[in-house]
Amino acid sequence: MRLSVIGCGYLGAVHAAAMASIGHDVVGIDVDAEKVGSLSRGEAPFFEPQLQEILQAGLESGRLSFSTDMSSVRGAAVHFIGVGTPQQAGGYAADLRYVDGAVSELLPYLQPGDIVAGKSTVPVGTAARLAELVTPTGATLVWNPEFLREGWAVQDTIDPDRLVTGVPSGPEGAVAADVLRKVYHPAVAKGTPFIVTDYATAELVKVAANAFLATKISFINAMAEISETVGADVTQLADAIGHDPRIGRRFLGAGIGFGGGCLPKDIRAFAARAEELGRRESVNFLREVDAINLRRRERAVQLVVEGLGGAVYGKRIAVLGAAFKPHSDDVRDSPALDVAVRLHGLGAEVVVTDPEALHNARALHPQLTYFEDRDEALRGSDAVVVVTEWDQYRREMSPAEVSDLASGRVIVDGRNCLDPSAWRSAGWTYLGMGRP
Ligand code: NAD
């Protein structure tokens, strides 16, 4: 099938390349000429495992191309909308200007029978509003939210857990759902659940999933706060409750909390939308989820201060990690970088390292010092803080190695990803999150 993907960021670039990799002819559109240039040369504009490979293969096959010119979408049967929906400046609601802009720029090129498939995460009610613009062209709007995880985006796009498509009522909705089944043919053929809903349900599925995940993380972080007060160990607590299959161990890693371009802004936008709908009380808990999450960043800073005897001023601190999670270079609302910035604000000499995210981190926070090389960052440090659980820090860094480089013997484990006994027996003061 011929497809277009409008918006080629973390979601759209992966979607375009993944759709080409399963045999479709795809054109990706973005307003950012630099991004389009880099994608057209086969250079992934951000780090995402496997993206480079499928991007190059798609370009070589002739099935994948990129353009800044919206008219290149002509002839595509399905137009995916993957533009950003960031948090509004000065508010919690989603900023829909990019989605609205992309749809109105697309309208002149739509043909009767085309499908416009929204993938961006939007407040409930957006699809119904946009359908009023799309339907008069003879095209059908569907909402097909995306559940990919950065770091696993290619795999999640090609082989998702489930596919959700919100369609209009009536025969055109059923026809559109069948077209989407054809688009996602390999996943559908292997029996991946394909759930057809109305617009509102599809929009809500996405924000509900993110709200649940954020709540699970903040739940265990709340237990970490209590554990800190009573001297309990939250990692043992998580293991113990996680054995209950109704609870499950995943997403119960206490630490400095969630961040990135989705969870924080999505729960805020959900709460803002609920308030507009007169349902503030239904998701009021999300404000608490957000507050717990943000407190854990400050807690990590506090541990560094305590570890260094009450002040960090003039101390050299190696911050290991900048990305909001491993296998990604995304630093949007990254708790890792936030901890680094707060320590810098307290007068510490902060040295940040990360295997993939330094370019983005430097652009956002040029006031920090960055080292590509982990060992250079560690050399001469008074304290070490692990804030992104890359294997390079979690598995491939021994206390003996770090002892040869660092001046001090304080390590703060912002992700509870290290073995406390290994560090303590090597003479280190190990401080974890919610661990005695
Ligand atoms: P992003 O900022 O990386 O990408 C958005 C892209 O859209 C940018 O490249 C921008 O230049 C482009 N754009 C803006 N206006 C445009 C227009 N009128 N025409 C063409 N291109 C335009 O954002 P992202 O992380 O890819 O997120 C996109 C959407 O997908 C958001 O709604 C997000 O919530 C959702 N989502 C993201 C992820 C993820 O892991 N990143 C996962 C699921 C859902």
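Biologist: Where is L303 placed?

Modeller: L303 sits in helix α12, residues 285–307. Helices here are DSSP runs of H or I with at least four residues, strands are E runs of at least two, and both are numbered from the N terminus. Bear in mind that this is a predicted model: local features need pLDDT of at least 70 and side-chain atom pairs count only at pLDDT 80 or more, while totals for chains, interfaces and linings use all residues. Residues are numbered from 1 along each chain as its sequence is written, and side-chain values use heavy atoms, with hydrogens and water left out.

Biologist: Okay! Is L303 buried or exposed?

Modeller: L303 has a relative accessible area of 3%, so it is buried. The cut-offs are under 20% for buried, over 50% for exposed and partly exposed in between, using a 1.4 Å probe and protein chains only.

Biologist: And which residues does L303 touch?

Modeller: Not counting residues up to four places away in sequence, L303 touches V412, L431, G432 and M433. Contact means heavy atoms within 4.5 Å.

Biologist: How far apart are L303 and E53?

Modeller: They are 41 Å apart in space, C-alpha to C-alpha, and 250 residues apart in sequence.

Biologist: Back to α12. At what angle do α9 and α12 pack?

Modeller: The angle is about 50°, and the axes of α9 and α12 are 9 Å apart. That makes α9 oblique to α12. For the cut-offs, under 35 degrees is roughly parallel, over 145 roughly antiparallel, 65 to 115 roughly perpendicular, and the rest oblique. Axes are lines fitted to C-alpha atoms, for helices over the stretch in contact, and angles run from 0 to 180 degrees between N-to-C directions.

Biologist: Is the crossing of α9 and α12 left-handed or right-handed?

Modeller: α9 passes α12 in a left-handed crossing. Left-handed means the near helix is turned anticlockwise from the far one by less than a right angle, and right-handed means clockwise.

Biologist: Which residues meet there, in α9 and α12?

Modeller: From α9 they include A211, A214, T215 and S218, and among those from α12 are F285, L286, R295, R296 and R299. By class, this contact of α9 with α12 has eight nonpolar, four polar and five charged residues. Ala, Val, Leu, Ile, Met, Phe, Trp, Tyr, Cys and Pro count as nonpolar, Asp, Glu, Lys and Arg as charged, and the others, Gly among them, as polar.

Biologist: How do α9 and α10 pack?

Modeller: Helix α9 (residues 199–230) and helix α10 (residues 234–242) pack at about 135°, with their axes 9 Å apart. That makes α9 oblique to α10. The crossing of α9 past α10 is right-handed. In the contact, F219, I220, M223, A224 and S227 belong to α9, while V234, L237, A238 and I241 belong to α10. By class, that contact has eight nonpolar, one polar and no charged residues.

Biologist: New topic! Which domains does the protein have?

Modeller: The domain assignment gives domain 1 (2–197), domain 2 (207–290) and domain 3 (295–432). Such bounds come from an automatic or database domain assignment. Taken over C-alpha atoms, the centres of domain 1 and domain 2 are separated by 29 Å. Their contact takes 12 residues from domain 1 and 11 residues from domain 2.

Biologist: Where does L3 lie?

Modeller: L3 is in strand β1, residues 2–6. With 0% relative accessibility, L3 counts as buried. Leaving aside neighbours within four places in sequence, the contacts of L3 include M19, H24, V78, F80 and V183.

Biologist: How about Q50, where is it found?

Modeller: Q50 is in the loop between α2 (33–40) and α3. The phi of Q50 is near 75°, a positive value in a residue other than glycine. Q50 is partly exposed, with a relative accessible area of 44%.

Biologist: Last one: what is phi of N416?

Modeller: Phi of N416 is near 45°, again a positive value in a residue other than glycine. N416 lies in the loop between β13 (410–413) and α18 (420–425), and at 13% relative accessibility it counts as buried.
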